[in-house]
2 protein chains.
Amino acid sequence: MTRYPVDEVKQLAADLAVAAGVARGDAEILAAALMDADLHGVSTHGISRLNIYIRRIQKNLVHPTADLVVNRRRPAVLEVDANNGLGQVQAVKTLRLLEPLAREYGVASATIRRSQHFGALSFYCNWAAERDMILIAMTTGESAISPEGACEAFFGTNPIAASFPTGKGFPIKIDLATSIVARGNIIAAHKAGRPIPEGWALDPEGNPTTDAAAALAGTVLAMAGHKGVALAMMVEMFSSVLSGAAVGQEIGSMYKHMDREQNVGHFFCLFDIAAFMDPALFRRRTDAMIDRIKTCRRRPGVEEILVPGERSHRKALENRSKGIPIDEVTVAELKGLCQEFGIPFTVQTLSCGQEQTEV
Amino acid sequence: MTRYPVDEVKQLAADLAVAAGVARGDAEILAAALMDADLHGVSTHGISRLNIYIRRIQKNLVHPTADLVVNRRRPAVLEVDANNGLGQVQAVKTLRLLEPLAREYGVASATIRRSQHFGALSFYCNWAAERDMILIAMTTGESAISPEGACEAFFGTNPIAASFPTGKGFPIKIDLATSIVARGNIIAAHKAGRPIPEGWALDPEGNPTTDAAAALAGTVLAMAGHKGVALAMMVEMFSSVLSGAAVGQEIGSMYKHMDREQNVGHFFCLFDIAAFMDPALFRRRTDAMIDRIKTCRRRPGVEEILVPGERSHRKALENRSKGIPIDEVTVAELKGLCQEFGIPFTVQTLSCGQEQTEV
């Protein structure tokens with residue numbers, strides 16, 4: 001896979017979003033969210049999604065300049081209607097409104113309805129950790145996981161995430177789909193024409209399958225059986241039911257439903273650490289825990305114990321220096337968008353130690 | 001296993017706690033929490049724990065009349081020191097303080113440190129659901145799960161839970177240990193002299209084991225591999241690090257450490273549904289989701305699709321009518337306590353359709 005300099009790709013992503021009708025500041029939010037995912041090795045939530053976002057804008061399925069509609073019934077709660085705007089943009093704007101409430105009351109929460117796919121949750125959670133806050137984030141998405149005993153996709157892969165500040169130069173980052181794998185991995189296998197491992201998914205008849213297309217038509221399995229299903233349901237309750245967004249199979253598919261909005265729901269709960277304890281003490285306590293974990297006896301063959309977030313932090317350092325890897329399909333899509341909008345594709349390629357400029 | 005009438009066992013539990021020095025009102029909180037667990041089929045968190053709680057009170061490891069020490073730095077956050085009181089009692093008292101804050105601000109959160117094992121999280125979550133509120137509850141416990149790559153117990157089984165009101169006569173109840181099984185199941189197998197299934201645990205050297213004693217000395221495996229470890233760490237961050245409680249291996253063992261307090265930490269976040277949406281609308285939306293899930297196509301051999309909380313609700317109805325099953329070891333412990341405190345053991349036995357009174 002070819003690597004590209006993150007700042008140049010970020011600039012291109014923002015320019016393309018602007019060309020599609022997104023305001024410059026909002027386009028920069030979107031580009032930052034996408035690049036954060038690519039930097040951390042979550043390419044399924046990075047620049048590879050820009051094409052579909054823009055296609056949906058072009059079909060009036062996403063409103064590139066949507067206002068946020070905010071209802072505040074109680075001091076520390078925001079009930080947000082994203083008004084069918086870009087998921088990342090509306091989520092960041094919601095967090096900006098939530099931050100002063102969490103500072104004042106100690107904790108503040110928001111539901112967001114009528115939103116879209118909004119990328120990797122850890123982008124939002126890390127934003128909070130940088131501010132000595134903790135964000136629990138959840139989101140639904142188009143149906144993927146079947147309820148216990150069923151063979152019909154109902155819940156989204158329904159991830160849950162939280163990040164915690166440390167003194168180690170990276171946050172503890174929890175970010176997990178409640179499916180056995182993120183649906184993006186199956187989409188990536190499908191794009192690449194690869195089979196998927198056994199145990200990931202059922203086909204539409206409820207049989208185990210290694211065929212990525214059959215898996216996408218069928219259901220992804222939950223992690224840990226009924227426990228994963230229960231967590232997926234918890235995420236659905238907070239993100240979909242409580243927010244007023246679409247629930248389960250009502251949620252539009254980003255790729256399949258090019259005739260209606262997704263109406264995805266998100267859930268945020270933001271805690272100001274200073275409301276509980278001195279943030280410096282919190283970081284010291286966290287660091288002490290990390291130090292202890294890293295000196296635990298290791299299983300045979302394990303060279304180093306990493307804590308959640310450490311691997312992706314190292315990946316981000318590597319990708320910032322070497323450039324972010326982008327697959328060929330995505331590069332072709334970006335070039336197509338550039339041609340369509342009359343924007344030159346001038347991003348350098350950095351792979352194999354060679355630097356060259358494509359035009 | 002013999003069954004006993006829940007109200008009689010509840011009365012006995014409260015009387016025994018009072019005899020051990022707990023105030024009557026607090027003893028009734030404790031007894032209610034224990035009975036709720038037994039009713040719902042979670043006997044590992046029910047009356048089977050009363051003996052060890054009382055033994056710890058007798059050794060001055062739990063203070064039966066401890067005050068709650070509450071610090072409120074911000075309007076919607078309580079930083080609670082349980083002062084080494086009974087876990088269930090201090091947790092319920094914290095929730096009573098939290099409820100008006102959640103009503104006023106829409107959301108309110110509490111950490112609790114210097115607490116004990118406090119039973120099943122769903123007891124607290126269901127309390128909230130009955131009030132049209134949603135409680136996210138987490139707790140740590142003595143080390144059981146090893147970090148990814150390690151073979152040393154570090155995290156507790158670190159459960160996370162939330163319940164949601166419905167119009168169906170029972171709440172949606174999510175309550176799961178992040179271990180592959182609750183440690184209580186291994187304790188129960190050990191008590192009964194049974195082996196445990198493969199895949200549940202590692203022995204102290206990091207080898208898979210089916211020996212319950214070796215598993216208790218070693219580490220329970222997390223559910224879903226690294227995802228379960230990540231969730232366990234999230235629970236540890238909220239319950240232990242943020243609360244100021246003991247972290248990881250510093251947490252005292254309820255059974256093994258009869259010379260020091262446990263210093264368990266808990267975490268609560270309480271949401272008032274009315275701050276987000278009309279609670280009646282919320283219940284209708286939840287019921288519609290349940291109805292849709294129950295009509296999903298079923299996998300072969302599945303007769304009925306149940307939603308989380310439904311099975312345990314049915315179990316509670318059955319146990320209320322037939323009596324709660326109590327194992328022989330626990331009955332012997334209760335009789336021993338009765339003898340010690342000079343309280344007659346007059347609880348009826350209800351097993352096998354026969355009713356008889358033991359004295």
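Figure 1. A salt bridge here is a side-chain nitrogen of Lys or Arg within 4 Å of a carboxyl oxygen of Asp or Glu. Helices (H or I, at least four residues) and strands (E, at least two) are DSSP runs, numbered from the N terminus. Side chains of opposite charge can pair when their charged atoms come close. Over all chains, the rule gives 48 salt bridges.

**Figure 2. The two domains of chain A**. Chain A is divided into domain 1 (1-65 + 320-359) and domain 2 (68-179 + 222-294), with bounds from an automatic or database domain assignment. Taken over C-alpha atoms, the centres of domain 1 and domain 2 of chain A are 24 Å apart. Domain 1 of chain A brings 20 residues to the contact and domain 2 of chain A brings 24 residues, where contact means heavy atoms within 4.5 Å. About 2000 Å² is buried between the two domains of chain A, and carbon and sulfur atoms give 64% of that area. Buried area is the accessible area (1.4 Å probe) that two parts lose on being put together, summed over both. Of the area that domain 1 of chain A buries against domain 2 of chain A, 28% is supplied by A:Ile29, A:Arg56 and A:Leu61, more than by any other three residues.

**Figure 3. Polar and charged pairs between the domains of chain A**. Across this interface the rule finds one salt bridge. A:Lys93 forms a salt bridge with A:Asp26, and their closest N and O atoms are 3.2 Å apart. Ten residue pairs are in polar contact between domain 1 and domain 2 of chain A (both at pLDDT 80 or more). A polar contact is a pair of N or O atoms within 3.5 Å; within protein, one must be able to donate a hydrogen and the other to accept it, and residues adjacent in sequence count only if both atoms are side-chain atoms. On the side of domain 1 of chain A that touches domain 2 of chain A, α2 (24-39) and α3 (50-58) each supply at least two residues. The largest share of that side, seven residues, comes from α2(A).

**Figure 4. The interface of chain A and chain B**. The contact takes 82 residues from chain A and 82 residues from chain B. The area buried between the chains is about 6900 Å², of which 70% comes from carbon and sulfur atoms. Four salt bridges cross the interface of chain A and chain B. A:Arg74 forms a salt bridge with B:Asp272, with the closest N and O atoms 2.8 Å apart. Helix α8 (residues 226-241) of chain A gives the most to the side of chain A that touches chain B, with ten residues. The predictor gives the complex an ipTM of 0.95 and a pTM of 0.95.

**Figure 5. Confidence along chain A**. Chain A has a mean pLDDT of 95, and 98% of its residues reach 70 or more; pLDDT is the predictor's confidence in each residue, from 0 to 100. Over residues 353-359 of chain A the pLDDT is below 50, and this stretch has 15 contacts in the model beyond near neighbours in sequence. Where pLDDT is low, the predicted coordinates should not be read in detail.

**Notes.** Residues are numbered from 1 along each chain as its sequence is written, and chains are lettered from A and ligands numbered from 1 in the order in which they are written. Local features need pLDDT of at least 70, side-chain atom pairs count only at pLDDT 80 or more, and totals for chains, interfaces and linings use all residues, while side-chain values use heavy atoms, with hydrogens and water left out.
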